Amino acid sequence: MAFQLTVNGDRHSIDVDGDTPLLWVLRDVLGMTGTKFGCGMALCGACTVHIDGVATRSCITSIDSVGNAAVTTIEAIGKTPSGQKIQNAWLDREVPQCGYCQSGQIMSASALLATNPHPSDADIDDAMSGNICRCGTYIRIREAIKQAAQSGG
Amino acid sequence: MTLNRHGFGSASCDRPASAEDLSRRGFLRAGAAASGALLLSLSLPFASRNGEAAKVETFVPNAFIRIGGDGEVVLTMPYVEMGQGTYTSIPMLIAEELEVDLKQVRLEHAPPNEKLYVNPLLGVQATGNSNAIRGAWQPLRQAGATARSMLVSAAAKRWKVDPSSCRAQSGEVLHVSTGRSIRYGELAADAAGMPVPENVTLKRPDEFKLIGTAAKRLDTPAKINGTALYGIDVRPPGVKIATLAQSPVFGGRVKSVDDAAAKAVKGVRQIVRLDDAVAVVADHMGAAKKGLAALKIEWDDGPHAKLITEEIGRELENATLKSGAVAQTIGDVDKAMASAVAKVEATYQVPFLAHATMEPMNCTVHVRKDGCEVWVGSQALARAQAVAAKTAGLPPDKVVVHNHLIGGGFGRRLEVDGIIRAVEIAKQVDAPVKVVWTREEDIQHDMYRPYWFDRISAGLDENGKPIAWSHRFAGSSVIARWLPPAFKNGLDPDSTEGAIDLVYDLPNFRVEYVRVEPPGIPTAFWRSVGPSHNVFVTESFVDEMAAAAKQDAVAYRRALLDKSPRAKAVLDLAAEKAGWGQPLPKGSGRGVSLQFAFGNYLAQIAEVEVSKDGEVRLRRVVCAVDCGTVVNPDTVQAQIQSGIIFGATAALYGEITLKDGRVEQSNFDTYRVLRMNEAPAIEAYIVKSSEPPGGMGETGTSAIVPAVANAIFAATAKRLRKMPIDTTALKQRV
């Protein structure tokens, strides 16, 4: 059966098995490759998207569990106030290196900032420790989140 | 891994090659390109031991600079971007001398061509060993200055004035006294007809406007909004997605496959059986993975079915009991050792390590009867093309390779095993097919940093000073497989880097290497290559010597550095900034390391806290580096942080083990990596220097491992000689 899915405000009809992870629907069916595959087990955070604003690992989220919820991906996160602040801070602090994990990092960080405008170091640890970066950009990620938090709002 | 051991910026490199040297040796040609552009062809030379450009016998260009009628500067060069910032720092070199804005320089991926795009320090078209900046530093500035000079001459000729009355600035030539100016684009065609100047003067460091500034990275904007395209993101029309299971034991084979259940999975299109792997081809990765899980594969495990890591360790240990190829010998070690007042001896081991790049292995291939197209992120593009052609049974000129951004290289993407696999699968599929490895497959079928076993001893005099040093180690030579001509007389320049040419004054010194290839597990380069192993051993051992001599670890090193002022300076700076010698709480300790590698002098001081359970927390790392001239200080800072986190991950957690011939680790739960909540505070201090630049991509990695081990010793009095850190050995040591 086909599933109705709302991604970044657009409705899609998706004809895949119900247990198909959202990650592959986004990347391979809809061609939205900004969301990345890293581990397939919710261990690395590269696949993070927002489902109704909540940071969610799309690699273990089956399509039949999404229902009518609104999915937001890296392609559209810049349209949210917290996403825009995070992206600006990422640019300013030159956070990315290889850049592969950064979609997921930005999605986790923008979800954090949306609910907690002035996160402490411990809050940042809690929200971001599920996102692995092999280039080791953690120090700049922390600085950039703090900078974004100070950029008003 | 450099063909010459040091490349630019080495200890013995006190004199940078002058502009005149390079020009005389004819590394550069200029002329007109189609459409009236000025085209400069460069032959980036091999660097020789003393840092001068080696003589170029025949002119074979491997980089190109084109200045078009629109004034845009296009650089085609052989290096690839893996996050190390090379797409920004290399254009900075040209823009500096050419007097253009960095934004005016556009980079084009070099197509695969081993002859044209040879890496001057590697001898093949590859990006690795932190040598892009080292190789490009002199010739690209020289090329920029040559183009500038020709543009100035063209303008002067048009105005009928003396070229010395003109000046280049901001992409145009200015006639100073009259204020007239002409843009580069309008001069390009004329400039192409001007003679190439014999000598051009390069800027003095105090004249640099761009080099030394924190120029913004050109690749960042696309990396924050999901538009950057990595190999895994390509979607040629009609592409199918495949994932695979390779023989769980290296060297094993497929015995039988029951694919009935897999074929019944919605979206699964085809099962491809190879000798030693099975792939499921599907409409999307979800279906491919589900199909793979439904396959019933019986394997013939082959000769390595019972292999365990301990067996490999024992074989390496035994190999160090016999003498090896002598990598370096100074003085008379045996005589000095016999006269020593005290002797220090130890053995060390480092494990196999996976690369675990964030972007899992992948490669997209479309094989047709008359040609083959490959989409991949590769550190070695010409090699990628060659193996694709061979596997497809086509001449190389029928193979088109599209290179893409690399989601982490660390040496993994110098290898082409994934490309061969993808072509093997694509040969059986009537469409483009993207072969994506699961994380489990990526970790269990990596090519690993070699396991090394080291035996080392030193003789100390009555003051505790080393008068003899003997170091013998055994392990795989990656070079012998990857670049066979560079393996000579039982030695290769990678395996020994960091073990020989130490910064210390050691009058009687011998290093031997025994090449032993482990059975049933492939090896490869891994970030910080030879030094990833050697610096752990040598810097742990110097610490052991200091402890045996009952001396402070920094003071002990310092007394051996009279011949290495740059090393002494970074050691002093790190010690000062770290507060070396100041008290720390119980259970905490500081450890130091000092190295010369990749053209840099680097000292690190790590601060650790060890809990009663033996858990190690890396709190803070202070790093001082003399990397010669800094091209982009922001990139240097980023690479130091990156290298330290990567190396700390290895020291704390990194280990690949074999049981029954199978890799026991499979994903980030069993192959743990450092996370945000575990990341140390890092302070990096850069020593101002006008020496040629060193490479920064790897140097932080090798230095942190001994710094952590030495800090644990300071905190617990327990010396850890085997990586990764064994927390059970540290329980109750506090």
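Me: Where does B:Val350 sit, and what makes B:Val350 count as buried?

Reply: This is a predicted model, and in it B:Val350 belongs to strand S15 (residues 342-350) of chain B. A residue is buried if 20 or more other C-beta atoms lie within 10 Å of its own. B:Val350 has 27 such atoms within 10 Å, so it is buried.

Me: Which residues is B:Val350 in contact with, leaving aside its neighbours within four places in sequence?

Reply: They are B:Tyr451, B:Trp452, B:His533, B:Phe536 and B:Met723. B:Ala143, for its part, is 207 residues from B:Val350 in sequence and 44 Å from it in space, C-alpha to C-alpha.

Me: B:Met723 turns up in that list. What kind of peptide bond joins B:Met723 and B:Pro724?

Reply: A cis one, with omega at about -5 degrees. Most peptide bonds are trans. B:Pro724 lies in the loop between helix H18 (699-716) and helix H19 (727-730) of chain B.

Me: How many residues separate B:Asp70 from B:Tyr184 in sequence, and what is the distance in space?

Reply: The two are 114 residues apart in sequence and 8.1 Å apart in space, C-alpha to C-alpha. B:Tyr184 is one of the buried residues of H4(B).

Me: Why is helix H3 of chain B called roughly perpendicular to helix H4 of chain B?

Reply: The axes of H3 (residues 132-159) and H4 (residues 184-192) of chain B cross at roughly 90 degrees and come within 9 Å. Angles of 65 to 115 degrees count as roughly perpendicular, and that makes H3(B) roughly perpendicular to H4(B).

Me: Which residues meet where H3(B) and H4(B) touch?

Reply: From H3(B) come B:Met150, B:Leu151, B:Ala154, B:Ala155 and B:Arg158, and they meet B:Tyr184, B:Leu187, B:Asp190 and B:Ala191 of H4(B). By class, seven residues of this contact are nonpolar, none is polar and two are charged.

Me: How do you know that the buried residues of H4(B) line one face of the helix?

Reply: The buried residues there are B:Tyr184, B:Leu187, B:Ala188, B:Ala191 and B:Ala192. Seen down the axis of H4(B), they fall within an arc of 130 degrees, so they line one face. Their packing partners in chain B include H3, strand S1 (28-33), strand S2 (37-42) and strand S3 (63-67).

Me: What makes the phi of A:Asp52 worth a look?

Reply: Most residues other than glycine have a negative phi. A:Asp52 is not a glycine, yet its phi is positive, about 50 degrees. The residue is in the loop between S3 and S4 of chain A, and it counts as exposed because it has 12 C-beta neighbours inside 10 Å.

Me: What is the phi of B:Ala356, and is B:Ala356 buried or exposed?

Reply: Its phi is near 45 degrees, again a positive value in a residue other than glycine. B:Ala356 is in the loop between S15 and strand S16 (362-368) of chain B. It has 27 other C-beta atoms within 10 Å, so it is buried.

Me: Stepping back to domains, how is chain A divided, and which elements of its domain 1 touch domain 2?

Reply: Chain A has domain 1 (3-72) and domain 2 (77-150), with C-alpha centres 20 Å apart. Their contact takes 15 residues from domain 1 of chain A and twelve from domain 2 of chain A. On the domain 1 side, strand S3 (48-51) and strand S4 (54-57) of chain A each give two or more residues, and S3(A) has the largest share, three residues.

Me: Last one: how many residues of chain A are in contact with chain B?

Reply: There are 45 from chain A, in contact with 48 of chain B. Among the elements giving two or more residues to the chain A side are helix H1 (22-29) and helix H2 (81-92) of chain A. By class, that side has 24 nonpolar, 15 polar and six charged residues.

Note on methods:
Residues are numbered from 1 along each chain as its sequence is written. Chains are lettered from A and ligands numbered from 1 in the order in which they are written. This is a predicted model: local features need pLDDT of at least 70, side-chain atom pairs count only at pLDDT 80 or more; totals for chains, interfaces and linings use all residues. Domain bounds come from an automatic or database domain assignment. Two residues are in contact if their C-beta atoms, placed from the backbone, lie within 7 Å. Helices (H or I, at least four residues) and strands (E, at least two) are DSSP runs, numbered from the N terminus. Axes are lines fitted to C-alpha atoms, for helices over the stretch in contact, and angles run from 0 to 180 degrees between N-to-C directions. Angles under 35 degrees count as roughly parallel, over 145 as roughly antiparallel, 65 to 115 as roughly perpendicular and the rest as oblique. Ala, Val, Leu, Ile, Met, Phe, Trp, Tyr, Cys and Pro count as nonpolar, Asp, Glu, Lys and Arg as charged, and the others, Gly among them, as polar. The arc is that of the directions from the helix axis to the C-beta atoms.
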